[in-house]
Amino acid sequence: MRYFLTCILFFFFEQSLLAQLAKPYAFDFLNLSASARQTALGGVLSTVSIDSSAADTYVWLSNPATNHTGLHQKLSLSYQPYYADIHASSLTYSRTIGKGGSWGVGIKYVSYGEMDSYDLTGYPFGSFSSQEYAISFNRSHQSGPFRIGLNAKWIASDLANYHASAILFDVGGMFIHPEHDFTLGLSLNNVGLLLNDYTSFTQSRMPSDLRLSAAFKPTYMPFRFYVSAYQLINHYEAYYQQDNNEKPGYVNKILRHMSFGGELLLSKNFQVQVGYNSLKRSTLQLEQLSGGAGLSFGFTLRLRFLQLDYARAFYHVAGGFNHFTLNMNLDRLNFKRN
C-alpha cells in the first residue's frame, strides 16, 4: 500500500509540473465521454451512484475504482457520431472473480474519416484515413466503504503517415457512504510513458487530468445531483476568453473546471438526465448567440437484460450530437439448449 501511494504522489507531482509547459496534446480523444449517460450528465463524471440496477459500466474508463460487483457480466457497446464525420465507439466488459475483485477490459476507437491530401504546391495527392484507439485493462478492489482501482492501457494514433503510441495508467479511488446515497470519486488519468512520437521533433504530452466527482440523492427526493471538477492540473488553457484574450474573473475560473448534472428518477426502469459544462459554454458559444453550448440531456431505459442510454449534447450554434449506449447483462440472457 505504501508503494502504491508513493506511485500516485510521484505521478501527481510530475504531471503538475508538465502541465505548466505549453506542449501539444497527444491522444486527446481519451477525454471524450465514453458513455451516453456520462455525456448527458456533463461529460466528465468519475463516480457512480449506489443504485445496483444502474449499469454504469463505462465509467471505469474514467475512474477505475468505479468497477464493482454490480457490473459482473455486464457488456456495453457505445456509439457516438460526432461532428464532421468523426465517429467514436467503445466496448467494455466487466467481471468479478470471487475474492479476486472486479476486472474489466475495454476498447475505445475514434475514426476521423477520409480526408483529401495535397502536396506543397496544392496538387491533389489522393486521400488518407486517420484513427486512434485504446485498449484498457481494469482491476478494482473494495474494502469497507472504499474502493481503489487501476487502469493500464495501450494507446495508438495513426494520423495519415504519422504514428504515435503510449502506455498510460489511470489510478482512482471512491468512497461509498454506508448509510446515505452519497458517493465521492477521485481519479488521476492518462499518466505514463510515450513509446514513440509522431515525428522526431514533436514534443507531445499526455492529456493528463485530475478529476473529483460527487453524487448525492436526498432521502425523500426522486432526484440525484452530480457535480464534477476536472482539468485540475491543466488549468492555463481554460482561463482565457475566446475572442478578446482577456482573463475571466475568479468565479468564472472556478466554474470552468466544473460540470453539473441531475437525474430525475421517474421509476426504477426510466430516468431522465440533464447536464451543464461551464467550460464548453464559455469557450464555444458565439458572442451574441450561445446555441445551447455546454448543455446536455438524455434518458435511461431499462428492460429485463438491456439498458439503453441516449444523450444529446450541444457544443456550438451549428448543432449538437447524439450518443447511444447499450448495456447488456449476460447473466440474464436465456439461451435455449437442445
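Analyst: Let me begin with one pair in this predicted model: Asp 170 forms a salt bridge with Lys 153, and their closest N and O atoms are 2.8 Å apart. The two residues come from distant parts of the chain, with Asp 170 in strand S6 (residues 162-176) and Lys 153 in strand S5 (residues 146-159), 17 residues apart.

User: Is Asp 170 buried or exposed? And what about Lys 153, buried or exposed?

Analyst: Asp 170 counts as buried because its relative accessibility is 0%, under the 20% cut-off. Lys 153 is buried as well, since its relative accessible area is 6%.

User: How many salt bridges does the structure hold?

Analyst: The structure holds 5 salt bridges. Among them is the one between Arg 224 and Asp 181, where the closest N and O atoms are 2.8 Å apart. That pair also links distant parts of the chain, as Arg 224 sits in strand S9 (residues 223-229) and Asp 181 in the loop between S6 and S7, 43 residues apart. Both Arg 224 and Asp 181 are buried.

User: Which residues are linked with Arg 224 and Asp 181 in a network?

Analyst: Arg 37 and Glu 263 join Arg 224 and Asp 181 in a network of salt bridges. Another salt bridge brings together the side chains of Arg 211 and Asp 209, at 2.8 Å from N to O, and both of these residues are buried.

User: Changing topic, how many cavities of 30 Å³ or more are there?

Analyst: There are 3 cavities of 30 Å³ or more, and the largest cavity holds about 170 Å³ of space. It is lined by 16 residues, of which Leu 30, Leu 61, Ser 62, Lys 108 and Lys 153 are the closest to its centre. Lys 153 is also the salt-bridge partner of Asp 170.

User: Which elements give two or more residues to that lining, and how do the lining residues divide?

Analyst: Strand S4 (124-143) and strand S7 (182-196) are the elements that give two or more residues to the lining of the largest cavity. The lining residues divide into 5 nonpolar, 8 polar and 3 charged.

Note on methods
Residues are numbered from 1 along each chain as its sequence is written. This is a predicted model: local features need pLDDT of at least 70, side-chain atom pairs count only at pLDDT 80 or more; totals for chains, interfaces and linings use all residues. Side-chain values use heavy atoms; hydrogens and water are left out. On a 1 Å grid over the protein atoms alone, a cavity is a set of points where a 1.4 Å probe fits but cannot get out, and a pocket is an open set with protein on both sides within 12 Å along at least five of seven lines; lining residues have an atom within 4 Å of a point. Grid points are joined across faces, edges and corners, and a volume is the space filled by probe spheres set on the points. Helices (H or I, at least four residues) and strands (E, at least two) are DSSP runs, numbered from the N terminus. Ala, Val, Leu, Ile, Met, Phe, Trp, Tyr, Cys and Pro count as nonpolar, Asp, Glu, Lys and Arg as charged, and the others, Gly among them, as polar. A salt bridge is a side-chain nitrogen of Lys or Arg within 4 Å of a carboxyl oxygen of Asp or Glu. Buried means under 20% relative accessible area, exposed over 50%, partly exposed in between (1.4 Å probe, protein chains only).
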